[in-house]
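Hi,

Here is the model we talked about. Please open it alongside this note, and the findings follow below.

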Amino acid sequence: MSVDAGLVVRRLYAAFQAGDNDAARDCFTEDVVWHLPGRSPLAGDYVGFDRIATEFFGRIRELTSGTFKVEVLEIFPGDHRVVVLQRTSGERGGRKLDILVCQLMTLRDGRIARVRGFQADQYALDAFWA
Amino acid sequence: MQIQDFQVLDMLASDRQVVVEVQISIAMPGGSSVTDEELHLYWLNDEGKINRMRHYVDTAKQITAYGLESDLG
């Protein structure tokens with residue numbers, strides 16, 4: 001079970017990296033909620049893959065002119081939860097972002113149902129997107 | 001402030017690192033309280049002892065709970 005959870009998350013990151021939206025969609029439940037904490041304009045809950053893909057990731061790509069990058073450093077698989085430790089970086093209008101992030105992913109029926117980002121430096125992320 | 005509740009929800013491990021998911025409730029001086037999840041990331045050395053720890057916390061939520069938003073501009 002724990003191996004499956006880790007595999008789902010690895011598939012998701014591979015799909016994002018390849019820009020394969022169909023493969024990414026297959027990793028999520030229909031009612032998935034992606035929560036970005038903080039006070040930035042991007043903070044909040046994104047419900048469903050379409051909103052995640054367009055309003056969240058699409059906006060991120062647009063705001064950073066394609067410079068936004070995620071490097072997976074470690075994956076911590078559990079039975080129903082997986083934590084991904086990643087380095088997140090990008091540039092936006094002369095501002096640079098380079099922070100560590102833990103993505104806590106909760107799985108239901110083998111698919112990701114909830115994602116919450118925990119930033120090592122919430123101030124830096126909020127300032128970057130402000 | 002006072003910690004009202006502290007619960008370990010889960011622990012996830014790799015070879016040399018452990019992530020602990022906790023839920024914490026803090027009573028604020030004004031009588032309000034804030035409840036949130038945190039991740040605590042621990043690194044272990046060759047002897048299996050913790051030599052580094054880092055909090056992953058929604059500091060923005062805590063700033064709001066403390067009423068310190070105006071101090072940040």
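Confidence comes before anything else. This is a predicted model. Chain A averages a pLDDT of 92, and 98% of its residues score at least 70. Within chain A, confidence is lowest in α1(A), with a mean of 83. The highest value in chain A belongs to β1(A), at 97. Chain B averages a pLDDT of 87, with 93% of the residues at 70 or above. For the model, ipTM is 0.79 and pTM is 0.88.

Chain A

Chain A has four helices and six strands. From the N terminus, their order is α-α-β-β-α-β-β-β-β-α. The C-alpha atoms fill a box of roughly 45 × 25 × 25 Å along the principal axes. The radius of gyration of chain A is 14 Å, which agrees with the value near 14 Å for a compact globule of 130 residues. Buried residues make up 30% of the chain. Take the contacts in chain A between residues at least 6 apart in sequence: 46% of them join residues at least 24 apart.

Chain B

Chain B has two helices and four strands. Its elements run β-β-β-β-α-α from the N terminus. Its radius of gyration is 15 Å, well over the 11 Å that the globule rule gives for 73 residues, so chain B is more spread out than a compact globule. Its C-alpha atoms fill a box of roughly 45 × 25 × 15 Å along the principal axes. Of its 73 residues, 12% count as buried. Contacts with a separation of 6 or more include 26% between residues 24 or more positions apart.

The core

Which residues have the most contacts inside the largest nonpolar core? They are A:Val82, A:Val83, A:Cys102, A:Met105, A:Ile112 and B:Leu39, in a core of 29 residues. At least two core residues come from each of α1, β1, β3, β4, β5 and β6 of chain A, and also from β3 of chain B. In soluble globular proteins, nonpolar side chains tend to be buried together. A:Val82 is worth a click. Beyond its neighbours within four places in sequence, A:Val82 contacts A:Ala5, A:Gly6, A:Val9, A:Ile75, A:Phe76, A:Pro77, A:Met105 and A:Leu107.

Where the chains meet

Here 17 residues of chain A are in contact with 15 residues of chain B. On the chain A side, β3, β4, β5, β6 and α4 each supply at least two residues. That side divides into nine nonpolar, four polar and four charged residues.

Now look at α4(A), residues 122-129. Its buried residues are A:Gln122, A:Leu125, A:Asp126, A:Phe128 and A:Trp129. They cover an arc of only 160° around the axis, which puts them on the same side of α4(A). These buried residues pack against β4, β5 and β6 of chain A, together with α1 of chain B.

One loop residue in chain B

B:Ser14 sits in the loop between β1 and β2 of chain B. Is B:Ser14 buried or partly exposed? B:Ser14 is partly exposed, because 14 other C-beta atoms lie within 10 Å, and a buried residue needs 20 or more. Leaving out residues up to four places away in sequence, B:Ser14 touches A:Glu74 and A:Phe76. The C-alpha atoms of B:Ser14 and B:Gln62 are separated by 29 Å, and the two are 48 residues apart along the chain.

Best wishes

Definitions and conventions:
Residues numbered from 1 in each chain as written. Chains lettered and ligands numbered in written order. Predicted model: local features only at pLDDT ≥ 70, side-chain atom pairs only at ≥ 80, totals over all residues. Core = buried A, V, L, I, M, F, W, Y, C linked by C-beta atoms within 7 Å. Contact = placed C-beta atoms within 7 Å. Nonpolar A, V, L, I, M, F, W, Y, C, P; charged D, E, K, R; others polar. Arc of directions from axis to C-beta. Rg over C-alpha atoms; globule rule 2.2 N^0.38 Å. pLDDT = per-residue confidence, 0-100.
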